[in-house]
Amino acid sequence: MSLKVPHLKMSKSYEDPRSRIMLDDSPDDIHAKLKVALTDSLGRITYDPVGRPGVSNLLTLMACMDESQRSEEQIAMESERLSMRVFKEEVANTIIKGIAGIKAKYDYFMDDDQTQHLRDVVAAGNEKARRQAEETMVR
């Protein structure tokens with residue numbers, strides 16, 4: 001869900017880039033986005049999607065990326081006494097660690113040499129599809 005409007009999906013079409021985590025975000029960008037993520041002023045970390053959508057959203061993000069596969073409720077209980085600032089830092093660190101492998105592959109394929117390779121693969125696929133379509137149309 002969006003970091004700025006918790007009841008909306010995280011979307012790259014939303015106007016505020018701080019509302020989403022992108023694969024090309026640096027760790028500093030992710031920390032900055034989570035630092036300003038919409039939460040509330042209650043003193044404890046609790047999972048309540050209806051009453052506390054912003055905090056619950058962060059718990060869900062953390063649960064999705066958590067290597068231990070803890071639930072939102074488990075993370076909330078373990079984080080209950082943390083300040084919101086410290087909790088957001090933990091969420092950021094968990095997300096950074098969770099997307100590290102995907103980000104490495106993304107960075108690899110976005111490298112100039114690999115981008116040309118991907119273009120070549122797409123062009124070859126297009127040519128093969130065109131030939132097959134022509135054969136089908138001849139029949």
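A residue counts as buried under 20% relative accessible area, as exposed over 50%, and as partly exposed in between. At 22% relative accessibility, Thr46 therefore falls in the partly exposed class. The model described here is predicted. The protein has five helices and zero strands, and a largest nonpolar core of 20 residues.

**Overall form**

- From the N terminus on, the order of elements is α-α-α-α-α.
- The C-alpha trace spans about 70 × 30 × 30 Å along its principal axes.
- The radius of gyration is 21 Å, whereas a compact globule of 139 residues would have one near 14 Å.
- Of the 139 residues, 29% are buried.
- Taking contacts between residues at least 6 apart in sequence, 50% of them join residues at least 24 apart.

**The nonpolar core**

- In soluble globular proteins, nonpolar side chains tend to be buried together.
- Within the largest nonpolar core here, the residues that touch the most other members are Leu34, Leu58, Phe87 and Ile95.
- At least two residues of this core come from each of helix H1 (27-35), helix H2 (53-65), helix H3 (72-79) and helix H4 (84-110).
- Leaving out residues up to four places away in sequence, Phe87 is in contact with Ile45, Leu58, Leu59, Met62, Ile75, Ser79 and Leu82.

**Helix H1 and the segment before it**

- Ile30, Lys33 and Leu34 are the buried residues named in H1. They lie on the same side of H1, because the arc they cover around the axis is only 95°.
- Asp28 and Lys35, on the other side of H1, are exposed.
- H2 and H4 are the helices against which the buried residues of H1 pack.
- Ser26 sits in the segment before H1 and is partly exposed, with 26% relative accessibility.

**Helix H2**

- H2 has 13 residues, and its first and last C-alpha atoms are 18 Å apart, close to the 18 Å expected at 1.5 Å a residue.
- Its buried residues are Gly54, Val55, Ser56, Asn57, Leu58, Leu59, Leu61, Met62 and Ala63.
- The cover over these buried residues includes H1, H3 and H4.
- Asn57 belongs to helix H2. Its relative accessible area is 7%, so Asn57 counts as buried.
- Apart from neighbours within four places in sequence, the residues in contact with Asn57 are Met1, Ser2 and Leu3.

**Helix H3**

- Glu72, Ile75, Ala76 and Ser79 are the buried residues of H3. Their arc around the axis is only 100°, so they lie on the same side of H3.
- Met77 and Glu78 are exposed, on the face of H3 turned away from its buried side.
- The buried residues of H3 pack against H2 and H4.

**Two loop positions**

- Thr46, the partly exposed residue of the opening, is in the loop between H1 and H2.
- Thr46 is in contact with Arg52, Val55, Ser56, Leu59 and Ala76, when residues up to four places away in sequence are not counted.
- From Thr46 to Ser56 the C-alpha distance is 7.3 Å, and the two are 10 residues apart in sequence.
- Gln69 is in the loop between H2 and H3.
- Most residues other than glycine have a negative phi. The phi of Gln69, however, is positive, near 55°.
- Gln69 is exposed because its relative accessible area is 69%, which is over the 50% cut-off.

Conventions:
Residues numbered from 1 in each chain as written. Predicted model: local features only at pLDDT ≥ 70, side-chain atom pairs only at ≥ 80, totals over all residues. Heavy atoms only, no water. Core = buried A, V, L, I, M, F, W, Y, C linked by side-chain atoms within 4.5 Å. Buried < 20%, exposed > 50% of the residue type's maximum accessible area, 1.4 Å probe, protein only. Helix = DSSP H or I, 4+ residues; strand = E, 2+ residues; numbered from the N terminus. Contact = heavy atoms within 4.5 Å. Expected span 1.5 Å × (residues − 1). Rg over C-alpha atoms; globule rule 2.2 N^0.38 Å. Arc of directions from axis to C-beta.
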